[in-house]
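Open your viewer and get your selection tool ready. We will hop between charged side chains, one stop at a time.

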Amino acid sequence: MIGEKSGNSYANETLGIRAEFSDNWTILDDEQTAQMLGLVADNFSEVDLAEQLRESGSLYDLYAMTVDQSGDNVNVVIEDLGVVNGIIIDEKKYLEIAEDQLETTFAQMGMTDVTLDKGTYSFAGKDHVSVLISGNYNGVPVYERMVLLKTGNYMGVVTAFSLDTARLDGIMGLFSAYEE
């Protein structure tokens, strides 16, 4: 399930996606991602990440951000749904379950005027369930696009963030289908 990062490239065969980032982007390594999330990490390895997925049920597989002041970023989180939920929960049901939690989380972060626009989105060559989230944070409009990728008992969640809604499609456009 864990993707591969090399330079400014990312690929996850299981999720069926890859991304190529320009020099304006940086991909955080596992230790940088852990620090950004407030976790303590001495020396992450693929085995450590696999163990994190088993223990917590989810992990950040990718976190990339622009090196300019735009604030644009994108992440890929993988969640282990377990055997039973892996069978009964599809992308649409996952979003229905997460919807209330999303609104609560954004409100706790201090966002106001939060709206969730659910639908499908063409991502890496396939249509997937998605939600466009918009709101205001301290009077500044903010936007996120979440795309759900169900594979087996796992859910991949690709989330792009920007202060400009027009840039979200560009961020998502950095991803393509995984092909060997």
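**A tour of the salt bridges**

Start by selecting Glu 96 and Lys 93, whose side chains form a salt bridge at 3.9 Å, N to O; the term means a side-chain nitrogen of Lys or Arg within 4 Å of a carboxyl oxygen of Asp or Glu. Before going further, note that this is a predicted model, where local features need pLDDT of at least 70, side-chain atom pairs count only at pLDDT 80 or more, and totals for chains, interfaces and linings use all residues. Residues are numbered from 1 along each chain as its sequence is written, and side-chain values use heavy atoms, with hydrogens and water left out.

Both Glu 96 and Lys 93 sit in helix H4 (residues 91-108), three residues apart, about one turn of the helix. Helices (H or I, at least four residues) and strands (E, at least two) are DSSP runs, numbered from the N terminus. Glu 96 is partly exposed at 43% relative accessibility, and Lys 93 is partly exposed at 38%. Here buried means under 20% relative accessible area, exposed over 50%, and partly exposed in between (1.4 Å probe, protein chains only).

Next, select Lys 118 and Glu 99, a salt bridge at 2.9 Å, N to O. Lys 118 belongs to strand S7 (residues 111-123) and Glu 99 to helix H4, so this pair ties together parts 19 residues apart in sequence.

Now pick Asp 72 and Arg 167, which meet in a salt bridge at 2.8 Å, N to O. This pair links distant parts of the chain, 95 residues apart: Asp 72 is in the loop between strands S5 (58-66) and S6 (73-80), and Arg 167 is in helix H5 (residues 165-172). Is Asp 72 buried or exposed? With 6% relative accessibility, Asp 72 is buried, while Arg 167 is partly exposed at 32%.

The structure holds five salt bridges.
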